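I opened the model today to go through its salt bridges and one of its sheets. My notes follow.

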Amino acid sequence: MIPSRILLVEDSEIQGTITRKTLEKTGYEVIWAKDGISALKAVVTASPDVVLLDLNLPDMSGTEICQWMKHNNNVKGIPIIMLTEKSSLDEKISGIEAGADDYLPKPYNAAELNARIYASLRTKALQDELRHKNKQLSELLAKVEALSVTDPLTGLYNRRQIDSTLDTEFKRMARHEFSVTCLLLDIDHFKSVNDNCGHDAGDSVLREIAQILRSSIREVDTAGRWGGEEFVVILPHTDKPQGMIVAERILGKVSSYVFADIPKRNITVSIGLAVSSSLIDTTDKIIHAADMALYAAKREGRNRVRTDL
């Protein structure tokens, strides 16, 4: 096992030598700092498991070092055992108030020193385990939350999240008076892809189109899978001419793309575009308008963009 690392902050050559030998004999790795500046550097670079901190140092007080450590998120979890003069009650109180986890009055014997260090290491191990479990729980909750709002096949937002995003954008639009553009996309003749090439190939096409959408929009935009072979793109702060640029870009990328599982087959999409207005002032209305425009694109031959009236 890797030995625990102890940072000994002690300016006394005699006391420091005795303490280091005692700790090394017990099996600890010891780093010895003889002043406050060296101690601060060692805390950051050496990542000790416990700090034995003398209260009286030549350049700064142990209290200052203790306060600095407890206000630094990267090192505040390291236990600090304050080394104080046996008769100084004020020193003990100031050390504890500064954030020290324990104190040890001088002179101390080896047995008591090891007992205090062992107790601090045990507490630190429990705290580290708790932090690790909390981190695992947070990561698990984040994954569960991500799964609740994403489509498992494409990784895009699912329909529920798209509805929520649209609702948010329409509320923002009402406050700040900007346009929201909605694109509704449908893969042309997708049924024949599944029928002739298999559902695995169809799933691959859906994933690759999802990636095309991601690469075609801004960070403030949102892409999602609406259902089946339909996708939605939400473009805030975007009017009809700007929305047409994005739609034509997607159209061109899809039609020229070589799909991995069906490299010899040309895949296209039809796109319906709708923009918020005094008449299209709800999420239901903009989706309906984009859907009507999509049907028009299908009727007129597919592989094209059509807009709402």
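I started with arginine 306, which forms a salt bridge with glutamate 300. Their closest N and O atoms are 2.4 Å apart. I counted a salt bridge when a side-chain nitrogen of Lys or Arg is within 4 Å of a carboxyl oxygen of Asp or Glu. Arginine 306 counts as partly exposed because its relative accessibility is 28%. Glutamate 300 is partly exposed too, at 41%. My cut-offs: buried is under 20% relative accessible area, exposed is over 50%, and partly exposed is in between (1.4 Å probe, protein chains only).

I then noted a network: Asp49, Lys124, Asp128 and Arg131 are joined by salt bridges that share partners. The count by this rule is 20 salt bridges.

A note on the source: this is a predicted model, where local features need pLDDT of at least 70 and side-chain atom pairs count only at pLDDT 80 or more, while totals for chains, interfaces and linings use all residues. Residues are numbered from 1 along each chain as its sequence is written, and side-chain values use heavy atoms, with hydrogens and water left out.

Next I looked up aspartate 221. Its side chain meets that of arginine 218 in a salt bridge, 2.6 Å from N to O. Is aspartate 221 buried or exposed? Aspartate 221 counts as buried, at 8% relative accessibility. Arginine 218 is partly exposed, at 41%.

Aspartate 167 pairs with lysine 171 in a salt bridge, with 3.2 Å between the closest N and O atoms. Both lie in helix α6, four residues apart, which is about one turn of the helix. Aspartate 167 is partly exposed, at 33% relative accessibility.

I turned to the sheet. It is open, has five strands in the order β7-β8-β6-β9-β10, and its pairing is mixed. Strands pair if DSSP finds at least two bridges between them. Helices (H or I, at least four residues) and strands (E, at least two) are DSSP runs, numbered from the N terminus.

Strands β9 (residues 269–275) and β10 run parallel, joined by three bridges. Glycine 272 has arginine 306 in β10 as its bridge partner. Helix α10 (residues 283–299) packs on the sheet and touches β6, β7, β8, β9 and β10. Contact means heavy atoms within 4.5 Å.

Conventions
Axes are lines fitted to C-alpha atoms, for helices over the stretch in contact, and angles run from 0 to 180 degrees between N-to-C directions.
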